[in-house]
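Open the viewer and follow along, one selection at a time. Each stop says what to pick and what is there.

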Amino acid sequence: MTRVEVFIQLKPGLLDPQGETLAHALESLGHEGVTELRVGKWITFRLDEPDRTAAEREVREMCERLLANPVIERFQYRLDGDGP
Amino acid sequence: MTGTPVPIGVVRFPGTNCDQDVFDAVGSVPGTRPVWLWHKDRDLAGVRAIVLAGGFAYGDYLRAGAIARFSPIMEEVIRFAEAGRPVLGICNGFQILTEAGLLPGALMRNDRLTFISRPQWLRIESTATPFTRHYRSGERVRFPVAHGEGNYIAEPEVLDRLEAEGRVVFRYVDAAGATTKESNPNGSARAIAGIADATGNILGLMPHPDRAMDALVGSDDGVRVFRGLLEAAA
């Protein structure tokens with residue numbers, strides 16, 4: 001089983017109102033050094049595909065077709081990473 | 001109109017919540033027969049036009065419209081639309097049409113973060129679609145808006161092309177008909193509220209003509225959208 005993590009964020013330059021609001025909230029808690037805060041998605045799953053190249057191809061297709069919207073988002077993925 | 005009423009499909013996904021409003025709006029035009037279409041259907045039941053109603057299809061999970069776009073009925077809707085048949089997407093329906101690639105761009109979180117629900121002035125920018133042929137170009141109309149993710153965005157080249165080809169159909173304006181920062185409820189690029197495809201037969205808009213069907217509830221400005229829809233379907 002391949003452990004897969006997919007990270008999705010709004011493209012740079014696009015307004016992220018959620019991120020801005022969160023940055024303001026952190027500022028009001030006294031964290032004044034926070035800049036460029038963006039909120040994204042982190043999707044994890046296991047994929048039954050022993051071949052690494054095939055798994056990677058499949059994950060990329062999932063991202064391009066469904067998990068990310070290429071008009072507004074960019075994605076990265078990691079196979080068998082050491083995240084939680 | 002005489003003869004058999006024209007069947008017009010209203011698609012229901014789990015989470016659609018304007019389905020009955022749209023069904024009633026369609027049915028209020030003499031000569032139409034609204035027909036329910038279920039998201040798992042693979043048969044369009046012979047309908048001559050399709051409306052994707054507002055709501056939160058599949059809970060808006062992942063992104064608004066993202067999962068609805070891959071439902072069985074949408075394969076048929078995409079085929080139907082690509083054959084040049086009339087398809088109208090209202091609110092969540094507009095989001096589904098962009099996710100399906102039938103209309104360009106995307107709808108992001110409102111720039112002021114809040115869900116907005118209020119009457120909204122719009123300007124008719126194009127009367128070259130079947131849905132807007134009964135309006136005057138530049139006419140000001142009032143439809144309610146009710147959405148959290150209506151901030152329309154597309155690449156600048158796409159926006160330029162939409163403008164040049166007259167495919168910006170509705171724009172947010174104020175009561176005087178002017179586009180101002182305040183009159184744009186959600187931060188949409190160039191105050192765009194609704195767009196059409198190159199043929200004019202596919203229209204998506206965030207405001208609700210289906211909630212502007214009777215002066216008793218504030219506006220009957222939406223009636224002509226559904227009259228145009230019937231004529232395109234007939």
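Predicted model: local features only at pLDDT ≥ 70, side-chain atom pairs only at ≥ 80, totals over all residues.

Select S117(B). Is S117(B) buried or exposed? S117(B) has 12 other C-beta atoms within 10 Å, so S117(B) is exposed. The residue sits in strand β6 of chain B, which covers residues 116-124. From S117(B) to G148(B) is 31 residues in sequence, but 8.9 Å in space, C-alpha to C-alpha.

Next, show the sheet of chain B. Nine strands make up this open sheet. Trace them in order: β2-β1-β3-β4-β11-β10-β9-β6-β7. The pairing is mixed. From one strand to the next, the twist averages 25°.

Zoom in on β1 (residues 6-12) and β3 (residues 49-52) of chain B. These two strands pair in the parallel sense, over four bridges. Pick V10(B): opposite stands V51(B) in β3(B).

Then select helix α2 of chain B, residues 72-82. Helix α2 of chain B packs on the sheet, touching β1, β2, β3, β4 (87-90) and β11 (202-205) of chain B. The helix direction makes about 125° with that of β4(B).

Last stop: where the chains meet. Eight residues of chain A are in contact with 13 residues of chain B. Select helix α1 of chain A, residues 17-28. Helix α1 of chain A gives the most to chain A's side, with three residues. That side of chain A holds five nonpolar residues, three polar and no charged.

How values were computed:
Residues numbered from 1 in each chain as written. Chains lettered and ligands numbered in written order. Buried ≥ 20, exposed ≤ 12 C-beta atoms within 10 Å, placed from the backbone. Contact = placed C-beta atoms within 7 Å. Nonpolar A, V, L, I, M, F, W, Y, C, P; charged D, E, K, R; others polar. Pairing = 2+ DSSP bridges. Axes fitted to C-alpha atoms, helices over the stretch in contact; angles between N-to-C directions.
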